[in-house]
Structure formats: C-alpha cells, structure tokens
Amino acid sequence: MLAQGMKIEVRSPSQKGRVLTADRLVSVSTFTDPRLQAGIDPQRNPTQAAAHWLRRDIVRGVFTPLERLKVEQLTKFYGVGHSPVREAILLLSASGLVVHEHQKGYRVAGISLDDYSDLIDVYWRTYQLALMMAVERADEAWEERVVLALHRSLKISKVMTDAEPEARELWQWAYKNLHQELLAGCGSPLLQTIVGDLGARAERYVNLCADLATDRERDSHAEHRVLVDAIVSGDIGSVNKLLEKFFASGEPMRETIRARLRASASAKGRRARRPALA
C-alpha cells in the first residue's frame with residue numbers, strides 16, 4: 001500500500017535524466033531488470049509502453065482508487081507524448097482498471113466489497129473454464145511451454161513485501177507468466193483477455209488491501225509443481241481438485257481484503273452520518 005507522506009524520486013529511463021518528485025510508490029517504468037521491460041520500447045511503440053506502465057502502476061497502487069488521470073501529468077511522469085498517453089488510457093478503460101466520467105475525464109477505478117466479491121466469483125469461474133479447456137485441448141507443444149514457464153518461475157524468489165518493489169514485481173511477473181502460459185492452451189484469445197483483465201483487477205486488491213503476511217509462508221512453487229505435473233499427465237479430475245485446493249489456499253489473504261474493505265465502508269458510513277457543525 002501507499003506509504004502516507006512518502007517522498008520519492010521517480011526517474012523514467014526515457015526521460016534522459018529528468019527527475020520528478022511525487023507522493024507515491026516507485027513506478028514500474030523505473031525498474032531496471034530486463035525481464036520487466038521485455039518487449040517494451042518507448043521509442044518504437046510509446047503507446048504500448050505507456051499502456052504497460054500505467055496498467056502495472058494502477059495494479060501496484062502507484063495510482064490510487066478514484067485518482068484522476070491527467071494526460072499532461074502522465075506525459076511528464078512517463079516521458080512519452082500526449083497521444084500515446086491518451087491511447088493508453090483508452091486501452092485500459094476496457095480492462096476495468098480505468099473508468100470514464102462524463103465531462104470529467106478518466107479516473108482509476110474505485111474499490112468496494114461488492115465489486116471484490118463479484119470479481120473473485122467471476123474470476124474463479126472463468127479461470128477454471130479456461131484451464132479445463134486447455135487440458136482438454138492439450139498438445140505436446142503447449143505442455144513443453146508450460147513446463148518451461150514453470151522452470152523459469154521456480155528461479156524467482158517469492159517476495160511478499162512492499163520494501164522491495166522491484167523484487168516483488170519480478171515475483172508477480174513470474175507468477176503471471178506461468179498462469180498466462182497455462183491458460184494459453186485454451187485456444188481462445190477472448191477468454192484469455194477476460195481472465196487476464198480480471199486477474200489484474202484481483203491483483204490490485206491484493207496490493208491495496210491485503211495483509212501479505214497471511215500468504216508469506218504459502219509454498220506457491222510447490223503448488224505450481226504439482227499442478228503442472230497433473231496437467232502434463234492429462235488427469236482432468238486431479239487438475240480440477242488441485243485447482244480448487246490452490247484457490248482455497250488463498251482464502252486467508254482474501255479474507256483480510258474483505259475485512260479491510262468492510263472497515264473502509266464502515267468508516268465512510270460514520271463520516272456520512274456525522275452531523276454538520278452549526
């Protein structure tokens with residue numbers, strides 16, 4: 001979560017040394033690990049770069065819920081032109097991370113308990129559908145890609161602390177890449193896009209509201225290994241059971257998110273009922 005009042009320097013690689021100061025977390029655009037910037041070239045495709053950076057920064061909490069997205073500020077923040085920033089915002093408006101207000105422009109999507117409950121329910125159902133389709137349509141090439149993605153993910157240490165933002169982003173990158181490869185076998189770009197957008201929104205709730213300590217001791221690497229083993233064996237029944245177990249393992253952390261959202265809604269309710277001063 002955002003550290004209140006924290007001042008940091010934000011330096012974008014494309015800004016030729018220009019430094020901006022902001023009361024926010026470190027932007028993903030400043031990370032130096034090449035794996036986190038693979039395929040992102042702000043010179044050749046500034047729109048793709050801006051969309052990637054803005055998406056990840058919203059998910060990570062750099063831009064907070066309901067924060068207004070001003071084109072002029074974002075062009076300076078990321079060091080790209082006005083048109084790429086506008087196009088990036090429009091692209092993200094279809095993902096559920098950005099919302100449009102009539103005559104007011106665009107804001108980061110808000111958060112609420114109702115939204116989170118709906119999101120998790122639909123995310124689980126669509127993820128399960130996509131993975132079952134992938135196992136049913138499995139071929140040797142896909143299985144090899146899944147095994148390779150697992151191998152790469154096992155080399156990345158799990159990081160559950162905001163004190164190491166680049167290391168945490170690398171862990172989330174490895175986690176996401178493995179699951180993207182798993183779902184790629186479903187053969188439906190539409191379904192993959194839907195699950196990917198829902199997954200990004202769910203990840204944002206984790207970054208904004210979760211007590212990460214509840215997930216720190218969970219052995220995600222071991223869970224991934226047994227799931228991939230079952231997938232390669234083609235045992236749909238086992239895959240389904242392991243997937244349900246995998247999802248259930250995240251329930252303690254999800255409950256901390258719900259508790260935080262309940263507390264926030266309760267606090268807002270108390271403020272709304274507070275009588276005005278005479």
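Of the 278 residues of the protein, 45% count as buried, where buried means under 20% relative accessible area, exposed means over 50%, and partly exposed is in between (1.4 Å probe, protein chains only). What you have open is a predicted model, in which local features need pLDDT of at least 70, side-chain atom pairs count only at pLDDT 80 or more, and totals for chains, interfaces and linings use all residues. Residues are numbered from 1 along each chain as its sequence is written, and side-chain values use heavy atoms, with hydrogens and water left out.

**Start with the cartoon.** Colour by secondary structure and you will find 10 helices and 4 strands. Helices here are DSSP runs of H or I with at least four residues, strands are runs of E with at least two, and both are numbered from the N terminus.

**Select residues 71–78.** This is helix 2, and its buried residues are Val71, Leu74, Thr75, Phe77 and Tyr78. Looking down the axis of helix 2, these buried residues fall within an arc of 165 degrees, so they line one face of the helix; the arc is taken from the directions from the helix axis to the C-beta atoms. Now step just past the end of helix 2 to Gly79, which takes a positive phi of about 70 degrees.

**Go to two loops next.** Most residues other than glycine have a negative phi. Select Leu66, in the loop between helix 1 (46–60) and helix 2: its phi is positive, near 70 degrees, and it is not a glycine. Then pick Gln103, in the loop between strand 3 (98–101) and strand 4 (105–108). Gln103 is not a glycine either, yet has a positive phi of about 65 degrees. Show the surface here too, because Gln103 counts as exposed at 73% relative accessibility.

**Turn on the charged side chains.** The whole structure holds 18 salt bridges, each being a side-chain nitrogen of Lys or Arg within 4 Å of a carboxyl oxygen of Asp or Glu. Zoom in on Glu203 and Arg56, whose closest N and O atoms are 2.8 Å apart. Glu203 lies in helix 7 (residues 189–209) and Arg56 in helix 1, so this pair ties together parts that are 147 residues apart in sequence. Both ends are buried: Glu203 has a relative accessible area of 16%, and Arg56 has one of 5%.

Which residues form salt bridges with Glu251? One is Arg254, with the closest N and O atoms 3.2 Å apart; another is Arg258, at 2.6 Å. Arg254 and Glu251 are 3 residues apart in helix 10, so about one helical turn separates them. Glu251 is partly exposed at 31% relative accessible area, while Arg254 is buried at 10% and Arg258 is buried at 15%.

Select Lys268, Arg270, Arg271, Arg273 and Arg274 to see a positive surface patch; Arg271 lies in helix 10. Patch residues have over 30% relative accessible area and no salt bridge, with like charges joined within 9 Å and nonpolar side chains (Val, Leu, Ile, Met, Phe, Trp, Tyr) within 5 Å.

Technical notes:
Accessible areas come from the Shrake-Rupley method with a 1.4 Å probe; for residues, only the protein chains shown count as cover. Lys and Arg count as positive and Asp and Glu as negative; His and the chain ends are not counted. The place of a charge is taken as NZ of Lys, CZ of Arg, CG of Asp or CD of Glu.
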